[in-house]
Amino acid sequence: MKRMSASNPGKDIQIGSNFFSSGLRQNVDQLMNILFAGGVNNPMDSIEQISYLVFLRLLTEKDETLASLDKRYKRIFSGTWSKFAWGNFVTLTGDGLFNAVRDAIEKLHELPGLTETGKLLFSRATLKIYDRPTLRAIVQGIHDMDLAAHDGQDLKGDMYEYLLSRLSASGPNGQFRTPRHIIDLITALVNPQPGQRICDPACGTAGFLISAFTHIRRQHTKSADLRRGHIDGAQLKPAQWKFLEEQAFTGYDNDANMVKIAILNLYLHQLEKAKIGHFNPLTTGFGSDYPGQMFDCILANPPFAGKVQEESILADLNYKLNTRATELLFLKWFIDHLTLGGRAGVIVPNGVLFAGTNASKKLRELLLTECDLQAIISLPSGVFKPYAGVATAIFIFEKVGNRKPATDNRFVWFYDLTADGFSLDDKRTPVVANDIPDVLLKWEKREEGENSYRVPLEKIKENDWSLEVGRYKPFTAKAVIHDSPRKILREIMKLENEIVTRGNSLIAKLGEK
């Protein structure tokens with residue numbers, strides 16, 4: 001794997017070397033530059049428009065492939081819908097092209113045979129590329145992109161990840177993206193497995209869901225293929241593949257733009273049937289008794305700031321908490337929606353560890369009684385720069401309910417992660433210092449070391465469920481060995497003699513003049 005340099009917008013994502021040699025990176029940069037010059041100045045709008053057009057091309061190609069393999073297959077783009085097939089746009093120019101593309105984008109959500117996620121992608125979609133030559137250049141650019149597999153590797157997902165990195169580099173919207181290496185760390189610690197239902201209730205661009213999919217495939221790829229950089233999941237059974245593609249992944253977000261980006265990102269990573277919903281899970285239930293649907297694995301970096309209107313919050317979610325704090329409500333949602341034995345890896349602001357509010361204390365107690373809080377990994381405050389300098393931590397926990405052991409010798413493993421492989425200033429340039437490999441090395445046995453230590457559950461309970469790192473971090477006084485007074489005195493006298501000798505020599509030279 002190759003990590004992009006700091007001068008590139010995608011410095012926090014890992015992309016295979018085949019992506020760079022394919023020319024797709026240059027294609028993406030060119031598309032973004034054309035849109036900017038053509039009046040589409042908001043990177044979010046640019047990515048949205050490219051997403052619509054890429055989806056149209058890929059859907060048409062899939063339709064044609066299936067029709068060539070099975071004569072009984074009924075084309076999606078047939079009858080009155082045939083005019084929306086990608087090939088029709090490539091030869092058009094001017095107003096004819098604009099009108100055709102606009103009609104396609106605005107009506108495609110009604111296309112028969114389109115998946116539910118596809119319909120959601122084009123819900124209330126509009127064409128925002130008003131300059132006709134710019135639209136022509138974008139359509140031609142997407143048409144000319146080589147989206148075929150290279151050396152057996154499908155690069156469409158890498159292409160879209162790189163495109164999304166332009167969002168991160170753009171400024172305010174970058175807050176929605178968690179650095180990929182932090183996502184992958186959390187996924188590795190939680191260790192999702194085939195057959196599990198995996199959810200991110202604040203999914204953004206679907207980074208956690210895709211990381212979990214990649215993690216599972218990597219675990220079921222032959223070692224020889226892994227050494228060549230191929231992750232194909234070939235050792236997964238057909239039933240496991242079917243479950244992964246159709247039932248394993250669920251995501252929610254209350255931002256319509258993020259939902260659309262997540263849908264195409266998942267589509268390009270072979271997860272076109274993943275369930276993505278446009279709603280706020282803190283205020284909207286599943287239409288049944290709370291909590292409704294449960295999950296085996298939850299991975300998330302939910303919003304930290306802001307307050308939810310009290311009357312909008314689900315009553316069962318806020319029961320006995322009486323809080324409007326987004327970070328606390330999401331943490332309660334995670335606990336409520338985990339199955340027994342289910343595991344979660346989530347990012348929280350440091351205030352959750354020690355805040356004195358009743359809601360904060362109650363949640364910490366739940367994490368240590370109804371759940372097995374296995375690890376707290378403190379992250380350096382520069383992880384989310386240049387967009388935020390907030391101090392955060394990773395919680396790794398498992399839902400245990402009443403299944404507590406007769407002898408409860410549980411402990412929480414703390415790790416103080418001080419370096420993540422990038423500088424902690426606004427530039428976030430690659431550096432040598434990186435604690436992430438050490439975290440993964442020590443994780444299985446929860447080993448103690450220079451940055452890690454264990455704290456018994458009973459000790460935390462004695463401290464009113466506080467998880468403040470400074471309260472438990474061991475302090476070891478290091479003995480300092482000094483030279484003997486005799487030796488020190490001799491060294492001082494030697495230095496003084498040298499000073500006198502050099503001083504006399506200087507006086508003599510001055511006297512000669």
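Strands β6 (residues 295-300) and β7 (residues 338-349) pair in the parallel sense over 5 bridges, where two strands pair if DSSP finds at least two bridges between them. Helices and strands are DSSP runs numbered from the N terminus, of at least four residues for helices (H or I) and at least two for strands (E). Within this pairing, Ile298 stands opposite Ala344 in β7. The structure is a predicted model, in which local features need pLDDT of at least 70, side-chain atom pairs count only at pLDDT 80 or more, and totals for chains, interfaces and linings use all residues. Residues are numbered from 1 along each chain as its sequence is written, and side-chain values use heavy atoms, with hydrogens and water left out.

Together with helix α14 (residues 326-336), β6 and β7 make a right-handed β-α-β unit; a crossover is right-handed if, with the strands pointing away from the viewer, the path from the first strand over the helix to the second runs clockwise. Strand β7 also pairs with strand β9 (residues 392-399), in the antiparallel sense and over 7 bridges. In β9, Ile394 is the bridge partner of Ile347. Of the 12 residues of β7, 9 are buried, so this strand is largely enclosed by the rest of the structure. Buried denotes under 20% relative accessible area, exposed over 50%, and partly exposed in between (1.4 Å probe, protein chains only).

Several features of the backbone occur in loops. Most residues other than glycine have a negative phi, and most peptide bonds are trans. The bond joining Tyr290 and Pro291 is a cis peptide bond, with omega about 5°, and Pro291 is found in the loop between β5 (275-278) and β6. Ala206, in the loop between β3 (198-200) and α10 (207-219), has a positive phi near 75°. Ala206 counts as buried because its relative accessibility is 0%. Gln270 likewise has a positive phi, of about 70°, and is placed in the loop between α13 (256-268) and β5. With a relative accessible area of 39%, Gln270 is partly exposed.

Among the side chains, a search of the whole structure finds 15 aromatic pairs, a pair being two rings of Phe, Tyr or Trp (its six-membered ring) whose centres lie within 6.5 Å. Tyr52, Phe55, Phe122 and Tyr267 are linked by ring pairs into a cluster. Arg132 lies over the face of Phe98, at 3.9 Å from the ring centre, and Arg446 lies over the face of Trp443, at 3.7 Å from the ring centre. Such a placement requires NZ of Lys or CZ of Arg within 6 Å of the ring centre and within 35 degrees of the ring normal.

Terms used: Phe/Tyr/Trp six-rings, centres within 6.5 Å; stacked < 30°, edge-to-face > 60°.
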